[in-house]
Amino acid sequence: MRVALVRRPIDAAALLAEVAGDECGATTLFVGTVRDVNDGRGVTGIDYTAYDAMALREMEAIANEASERYGTPHVVIEHRLGTLAVREASVVVAVSHARRAPALDASRYVIEELKRRVPIWKREHYLDGTREWVDPTGRGTAEAARTSGVAALSAPTPDPRPAVGVSEESRL
Amino acid sequence: MTVTVLLFASYADALGRSTVELPLPDGATVGDVVSGLGRIAGAAGRLPAAPMVAVNQSYASYDQVVRAGDEVAVIPPVAGG
């Protein structure tokens, strides 16, 4: 297992090679990319930022959970930070397993949990030159949130896990 | 005690800074941190009423007690991927 936050393009082929194993009959590669439209607005790029130390901890927890739940040590997650253009990969998840079903399920588990609880944020750049932080809860941006007094406390309570240091990359 | 609160993304923009030094009584909870943030100059109404909070890099409930030296962070809705 390995998780990382990177500030350079993600080499998906390298991740594929990294999860390879003689016992593996199935390998999945999920690649999340910047698309040119969101909610009907033309998007030209996205700034990704993170609470790095906590994001790495959550990513490590997710990789561990996927590994235990689906029975494979071959799980690698890289998420890119910084400013990305349309078509560039923001996240890559590579999983390999003896069988296809758990490989696919583990990949889905990782990306869904990552989107649900890893403290990473994105600010979209629009065709008209404006930029806005994306709020997937659908409550709108900070401007809307600050006037609506939304209640958003739905913090997940992950399983206890070993403490890890603050590092750009952590090999499990 | 004084607790340093980390702000990120839209919340850092809303308050115009990425950290806030917050004086709190001993025994204060995460909920007290959130109410304390609402009382700092210029912050009124700029953050949601009940944002997610992390203590020492783990999501925390509002009744968790905060100790001096804890790393407290207010977490905007996450949007990775």
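Colleague: Is Gln57(B) buried or exposed?

Modeller: This is a predicted model, in which local features need pLDDT of at least 70, side-chain atom pairs count only at pLDDT 80 or more, and totals for chains, interfaces and linings use all residues. Residues are numbered from 1 along each chain as its sequence is written, with chains lettered from A and ligands numbered from 1 in the order in which they are written. A residue is buried if 20 or more other C-beta atoms, placed from the backbone, lie within 10 Å of its own, exposed if 12 or fewer, and partly exposed in between. Because Gln57(B) has 20 C-beta neighbours inside 10 Å, Gln57(B) counts as buried.

Colleague: What is the phi of Gln57(B)?

Modeller: Most residues other than glycine have a negative phi. Gln57(B), in the loop between strand 3 (52-55) and strand 4 (58-60) of chain B (strands being DSSP runs of E, at least two residues, and helices runs of H or I, at least four, numbered from the N terminus), is not a glycine, yet its phi is positive, at about 70°.

Colleague: Is Asp39(A) buried or exposed?

Modeller: Asp39(A) is found in the loop between strand 3 (37-38) and strand 4 (41-50) of chain A, and its phi is also positive, near 50°. Because Asp39(A) has 8 C-beta neighbours inside 10 Å, Asp39(A) counts as exposed.

Colleague: Which residues of helix 3 of chain A are exposed on the side other than the buried one?

Modeller: The buried residues of helix 3 of chain A include Ala103(A), Val110(A) and Leu114(A). Seen down the axis of helix 3 of chain A, the buried residues fall within an arc of 140° (taken from the directions from the helix axis to the C-beta atoms), so they line one face of the helix. On the other side, the exposed residues are Arg100(A), Ala101(A) and Glu112(A).
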